Structure formats: C-alpha cells, structure tokens
Amino acid sequence: MADKPKRVIALGFFDGVHLGHGELLRAVRTAADKLEAAPCAFTFDRSPTAVITGQMVPLLSSVEDRIWLMRRYYGIQEVIVASFDAMQRMDWQDFITDYLVRELNVVHVVAGHDFHFGYMGKGNPQRLREKCAQLGLGCDIIGRVEQDGITISSTYIRTLVAQGEMERAGEFLGHPHTLTDRVAHGKKIGGSALGFPTVNLRVPAGVIVPAFGVYATRVWFDGQCRNGVTNVGVRPTVEDNDGRVTVESYILDFDGDLYGHEIRVEFFKRLRGERRFPSLEALADEIGRNADQTRAYFRSLN
Ligand SMILES: Cc1cc2nc3c(=O)[nH]c(=O)nc-3n(C[C@H](O)[C@H](O)[C@H](O)COP(=O)(O)O)c2cc1C
Ligand SMILES: Nc1ncnc2c1ncn2[C@@H]1O[C@H](COP(=O)(O)OP(=O)(O)OP(=O)(O)O)[C@@H](O)[C@H]1O
C-alpha cells in the first residue's frame, strides 16, 4: 500500500454541498491534517435515490459543480466519482474492505448519522463504526445538523431553489446556489435591440431549473466577479422563442466578448417573475429597473 496515498474519505452523495455536508467535510480536513493524508470525498455519478425509486430527481448541482464546491468551500483535494450502476450490488463489507481499503487506501472515514450503503442499504453508521474499529481505521459519525429546527438536506433545498427562494437556499447551503457552463450563443437581440447584452447558459440535464424569473446574481469568469441580473425562463416576449429554458445574465458594468468562456452564476435573490411584455422597449425599461435593484441589493449586503 506504500505506493498509494493515504486518504480520509467522506461518504455520501453531497448534492448541493450544504451545511450538513460541510460538517462532514470539515471533519475530513481535521483528520487528514492529523494523519497527513489527502482530504477526499466519495460520490456517485448519478443519484442513487433516482435509480432505486425510478423517479427523476433533479439535482442542485452537476457533478462538476459538486466537485468545485467541495474544493472551494472545504478544501477537499480529491472527489472520487463512482459509477452507481457498477457498485449498486456490492455488499457493504466488500465496499469497506475491497473498495475503500484495498483500492483507495482509506485510513479514516466520515459519514452522517443516517448514511446507508452497500447492497440493499444494509450498511449503516453502527456497522461502519464496528468494521472500522476491527480494521484499525478511524471513523467519525456526524450527528444531524439542523437550522431553524429543520434538518438540513438536499431534498429540502431543492424545493427552495425550484420555488426561487434563493436567500433561504443560501442560508441552508452556506453559499449561494451555483450554476456553471460555457457561454453559448444567444439570438443577439440583447446586445442590439435591447441594449443589454447577455451571456447565455444552459441548465445541465438532470439539474433543477430555478423558478422562472429575474434574479440578482454574481457572475464569475476569467477569475473576475461582477454583479449580474439574470433571467431564467423561456422569454415569452421574444417572437421566435423556441420554448427552451435559458439562463441569461446581463453583467453590470462590463463590456466584452465571453462566448466560449466558462461562467459561474451565483443566485442571491429573486426580483420578479418572468413576464410577457407588450414591446421590447417595455422589456428594456424593466431590465434597466432590475439592474438598479441589483446594484441596490448588493450595496445593502456590504
Ligand atoms: C434581466 C433580464 C430580464 C428579462 N426578463 C424577461 C421577461 O420578463 N420576459 C421575457 O420575455 N424576456 C425577458 N428577458 C429576456 C430577453 O427577452 C432577452 O434578453 C432578449 O431576448 C435577448 O435575447 P438573446 O440573448 O437571444 O439576444 C430578460 C433578460 C434579462 C437579461
Ligand atoms: N443535516 C445533516 N446532518 C448531518 N449529516 C448529514 C446531514 N445531511 C446529510 N448528511 C450526511 O452527509 C452525507 C451525504 O448525505 P446525502 O448526500 O445523502 O445528503 P442529504 O442532504 O441527506 O440528501 P437527501 O436530502 O437527498 O437525502 C451522508 O453521510 C449523510 O448522512
């Protein structure tokens, strides 16, 4: 095992990387520092709940965003993304001995109070703790993390984001709800007719579309961060809208070509619903007001 790095690993799916997950990830960092091991997390490529129940579970974050959030907010060095199809039938004991120990050289594991794993979910926190003790591995089981008397969970935060309640979602996540994409080409009406050029993002397949409407956002690109005002929806005012959902941000006080660049949009507050305006001029007036509201919102945070 001398050739493999020692790893401390948090176990779970970690959709959204909320404050409950944060407790696990912080424990990983503490143990990793002490043991001089790499701080890591384990996740699956797709939602086990969705596969097991056969229901669509739109997620808070793409796998890329999940990895980025764990690194950015908790300093997790490596995220191991396993194939759920390949692992679904693995016995819980084999998961520990064959996979975590033999393949990944785990020295310490961290899981939540309700973590179930292995074939038929037969592995649980007590069994995990016992098995780790037998094998000489460290093990932290983190108690339930609550806020406002509510257990913090990805499921609850998904309903907040789907309803556009971004401020409350942010309080439970511990960071703003985030969406990342490369800028795609729009219909170019924004720049020419409206006077508000926008960067267009797509919501990745399987990721929640926030409630249609206009949001005060922060937009990150090329290492910069700017205030933005972002519309999520189908743009009913535009004649040839094709019914596809777009996320488009007007970046305040910025002029430049960002086609093809990676953009990260952070959602802070919903300003209004998406509407059909009688004319593009009326829409442009409203976007101007929304830009002013956004400036005022971020000023009030400082
Ligand atoms: C802040 C903001 C708010 C918007 N609100 C609406 C809206 O309420 N209704 C609508 O039909 N389109 C809305 N739009 C979308 C505009 O119709 C869109 O920016 C314009 O059609 C430019 O499209 P393009 O990116 O394809 O050039 C909004 C856009 C922005 C940036
Ligand atoms: N509020 C919480 N307090 C403590 N541990 C938590 C909390 N939420 C999740 N965990 C733990 O974090 C790990 C990842 O959990 P998981 O991805 O299933 O999150 P979840 O928020 O409970 O998701 P869902 O709402 O989909 O059940 C698991 O080990 C789980 O037990």
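1. In this predicted model, the centres of domain 1 and domain 2, taken over C-alpha atoms, are separated by 35 Å. Eight residues of domain 1 and seven residues of domain 2 form the contact between them. On the domain 1 side, the residues touching domain 2 comprise four nonpolar, two polar and two charged ones. The domain assignment places domain 1 at 7-151 and domain 2 at 177-301.

2. Five strands make up an open sheet with parallel pairing, in the order 3-2-1-4-5. Strand 3 (78-82) and strand 5 (138-142) are its edge strands, each pairing on one side only. On average, and with direction ignored, neighbouring strands of the sheet are turned by 20° against each other.

3. Strand 1 (residues 7-11) and strand 4 run parallel and are joined by four bridges. Within strand 4, Val110 is the residue opposite Ala10.

4. Two helices may be described against this sheet. Helix 1 lies across strand 1, strand 2 (38-44), strand 4 and strand 5, and runs at about 160° to strand 4. Helix 6 (residues 125-135) packs on the sheet and touches strand 4 and strand 5, its direction making about 160° with that of strand 5.

5. Ligand 2 is surrounded by 23 residues, the closest being Gly12, Phe13, Gly20, Gly112 and Thr155. At least two residues of this shell come from each of helix 1 (19-35), strand 4 (106-112) and helix 7 (154-162). Helix 1 provides the largest share, four residues. Classified by residue type, the shell around ligand 2 holds nine nonpolar, 10 polar and four charged residues.

Conventions
Residues numbered from 1 in each chain as written. Chains lettered and ligands numbered in written order. Predicted model: local features only at pLDDT ≥ 70, side-chain atom pairs only at ≥ 80, totals over all residues. Near = placed C-beta within 6 Å. Nonpolar A, V, L, I, M, F, W, Y, C, P; charged D, E, K, R; others polar. Domains from an automatic or database assignment. Pairing = 2+ DSSP bridges. Axes fitted to C-alpha atoms, helices over the stretch in contact; angles between N-to-C directions.
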